[in-house]
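Dear colleague,

I am handing over the structure below, together with a short account of what was found in it. Please read the account with the model open beside you.

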Amino acid sequence: MRFLNKKYLFTPGPVSVAPDVLLSMAQPITHHRLPEFSEILKEIRENLKYLFQTQKEVYFFASSGTGAMEAAIVNLFSPGDKVIVVVGGKFGQRWLELSQTYNLEPVVIEVPWGKAVKPEEVEKALKNNSGVKGILIQACETSTGVKHPVKEIAEIVKENEAVIVVDAISALGVYELPMDEWGLDVVITGSQKALSLPPGLSFIAFSDKAQVLAETSKLPKYYFNLQKEKKAYEKNTTAFTPAVSLLIGLKKMLKRIKEIGLERLFKHYQTLSLACRKAVSALNLEIFSEVPSESLTVIKAPEGLNTGELLKFLRNKLGIVFAGGQAHLKGKILRITHMGDQSPFDLLIAISALEMGFNLFGYPVSLGKGVKAAEEILFDYIKEKQ
Ligand SMILES: *Cc1c(COP(=O)(O)O)cnc(C)c1O
């Protein structure tokens, strides 16, 4: 019954990429040591500072987002260092696995999946454990759609010798996360989520406090050595061959982000996520996330709905790709991203597909009710833009 060849990617990474950005990456390869490439690099470095809202340099690697997480660990710490790890989902677990891999001493704050950590819990963990070197946390835990209160936690950590390391892979560029103003010591992102690019680039920036800690770090590092990248940046080049084509796309996306302006960009995500949540409640469904991020909407699967079959049908027959849950949330949630090359009309397509899919798979919702609720929010937004 497949009648559409068109695909809509609504997964929270990778996300859809704008056709003109894709085409920009199809240019002939340039050499990364040529002056023309240094010019590109210069523009990218400047605009990355705008995105991160920092005066510090932002470094990048040819890796998925996890590479920058690993870079944070190996550049900051030494074996046996105590770190507080907030584990409220799959990506918090990744922080924990990385700390264990590098023989750190993690103090875990377990947060039920779907909930946000309370700043007081971090404060308490800092009080009860002396010599903590870092707090490892997500700005948005993409597996649950939850926003952690990193601003409040940074406030607490400021008085302490520990640094706050923020995995903002699904947050930076989606909502307010000003690195310098909030005192975030390390901020990490990746290309295939909020940056609306293909997978393959990761990014990291260090505050002065993080830089000082890095100077005594004893963990081994080679490719992910930030000191090496720093020296290369001083000559306006990179330590190793960068992902040239992806950087061309990055240059284009960063320029676009700057032209749109962070404030308008945040408003765009706010509107899409609000419209999606309104649609969800109009359909009498529940949002899974206690503090929902603007990056994605996570819907609790209603009792009796076979989400595996539903997702497969949407994907194979209608070309609509949503994400399900990971680990113990498999079959229990549906995730729809707002990141990527998406207009308000793409969201209406997503909601319409959801309504039809639910009806087909034994959970009747009234057709059009979600679309209408979303459309009302989106129409206000479009009117405002006039
Ligand atoms: C996607 C993601 C990552 C990194 O995943 P990669 O597959 O390595 O790019 C890390 N943290 C969060 C919060 C993410 O959403």
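Which helices each supply at least two residues of the shell around the ligand? They are helix H3 (65-76) and helix H4 (90-101), helices being DSSP runs of H or I with at least four residues, and strands runs of E with at least two, numbered from the N terminus. H3 gives the most, with three residues.

Before going further, please note that this is a predicted model, in which local features need pLDDT of at least 70 and side-chain atom pairs count only at pLDDT 80 or more, while totals for chains, interfaces and linings use all residues. Residues are numbered from 1 along each chain as its sequence is written, and side-chain values use heavy atoms, with hydrogens and water left out.

Around the ligand there are 14 residues, of which Ser64, Thr66, Thr142, Asp167 and Lys193 come nearest (a residue is near if one of its heavy atoms lies within 4 Å). Among the polar contacts (pairs of N or O atoms within 3.5 Å), an N or O atom in the side chain of Ser64 is 2.5 Å from a ligand oxygen, and a polar side-chain atom of Lys193 lies 2.7 Å from an oxygen atom of the ligand. A polar side-chain atom of Asp167, in turn, lies 2.5 Å from a ligand nitrogen. Taken alone the ligand exposes 380 Å², and the protein buries 89% of that (accessible areas by the Shrake-Rupley method with a 1.4 Å probe).

Elsewhere, an open sheet of three strands has the order E11-E12-E14 with antiparallel pairing, where two strands pair if DSSP finds at least two bridges between them. Its edge strands, E11 (286-287) and E14 (333-337), each pair on one side only.

With best wishes

Note on methods:
Polar contact = N/O pair within 3.5 Å; in protein donor to acceptor, adjacent residues only side chain to side chain.
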